Amino acid sequence: MKSSIWKTLTAALALIGSVAIAQAQTAVLYSSNNTETIEIALSVAKKKMPSLKVQQVTGGTGALMKRIQAEAKNPQGDILWSGGFGTLGAYKELMEPYKSPDLAAIPAEFRGPDNLWVGTNVHLMVIMVNEKQLKGLPAPKTWSDLMKPEWKGKFAITDPSKSATAYMLVYGLLKQFGREGLEKIAANAVVTSSSGTTYKGTATGEYPVGLTIEYAAQEYVAGGQKEIRLVYPSEGSYLAPEGMFIFKGAKNAEAAKAFYNILLSKETQEELLVKAFRRPTRTDIQVSKLTSLPDIKSIKIFPLSQEAASAEYEQLVSLWNLAVAKA
């Protein structure tokens, strides 16, 4: 009798243990990345750690952050990938600090305070030109070229309240050219409601020029659209790093850390660069050797404080709305 009870208890404990292990190997990912980008990362994860399962919840960064905030007392996810630094900085209370073994390969400028988040990739803001649609206009070489009267209605820019990357672009324009420069851009621009509308519209010829994200524009170049060209403004491009974090109170924290490490790994960042043109944050990957994109050290970058950009969000959006209304 005692033996039978002991066997039953042992079996029950083993079952509980196996369930705990299974749970530890499943991470719930919240992501604003597109399906292609997520699948590239998951393919690397499958090779590096076959036992790790990743469930996906996708949506816009802003909506996902609001959801995480609403679920804070009972987290339904474990890790977010990815959000602009300007957005992440407003939600520090939702994050669990984590210091990845791969952190040494990431420059300090692409790390959040107290290891709350880390940058997985960095976007460069570029001028995307459709040369077929210029109609005799010389392609712009600078941001300020687009402030000239002849560019009115001939380029697109995304509403900074609708996109984290567009926010960093408009924030950069404000810091570099002041309110006067921002108003000149707003007066000439066609304002779109999403980043996708801007780069897709430029690719299809709806706009001769789009102010957009490097990787999105490069996809059309790589796809064979010879009329598409990327211009890195001689006044300086703006960086918009994107990062990830583990949820405070995550139920699958160990699995989340494992996936976090995979996303930060050299293998994943190289795959994302080659297949999706996501510029890595790691310093041990030479972009120009793997793609036709230039190394970041060869591009002039206008310096921006990601922390200040986060703190000044409401102010910037308000100034932009006033500039658009004035136009």
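The lining of the largest pocket in this predicted model divides into nine nonpolar, 19 polar and six charged residues. Nonpolar here covers Ala, Val, Leu, Ile, Met, Phe, Trp, Tyr, Cys and Pro, charged covers Asp, Glu, Lys and Arg, and the others, Gly among them, are polar. Local features need pLDDT of at least 70 and side-chain atom pairs count only at pLDDT 80 or more, while totals for chains, interfaces and linings use all residues. Residues are numbered from 1 along each chain as its sequence is written, and side-chain values use heavy atoms, without hydrogens and water.

**Largest pocket**

- A pocket is an open set of points on a 1 Å grid over the protein atoms alone, where a 1.4 Å probe fits, with protein on both sides within 12 Å along at least five of seven lines; lining residues have an atom within 4 Å of a point.
- The lining comprises 34 residues, and Thr 61, Lys 162, Ser 163, Ala 164 and Thr 165 lie nearest the pocket centre.
- Helices are DSSP runs (H or I, at least four residues), as are strands (E, at least two), numbered from the N terminus.
- α6 supplies the largest share of the lining, five residues.

**Nonpolar cores**

- A nonpolar core is a set of buried Ala, Val, Leu, Ile, Met, Phe, Trp, Tyr and Cys residues joined through side-chain atoms within 4.5 Å, where buried means under 20% relative accessible area (1.4 Å probe, protein chains only).
- The largest core has 50 residues, with the most contacts (heavy atoms within 4.5 Å) inside it made by Ile 157, Val 209 and Leu 211.
- α5 gives the most to this core, ten residues.
- Another core, of 48 residues, lies apart from it and includes Phe 85 and Trp 117.
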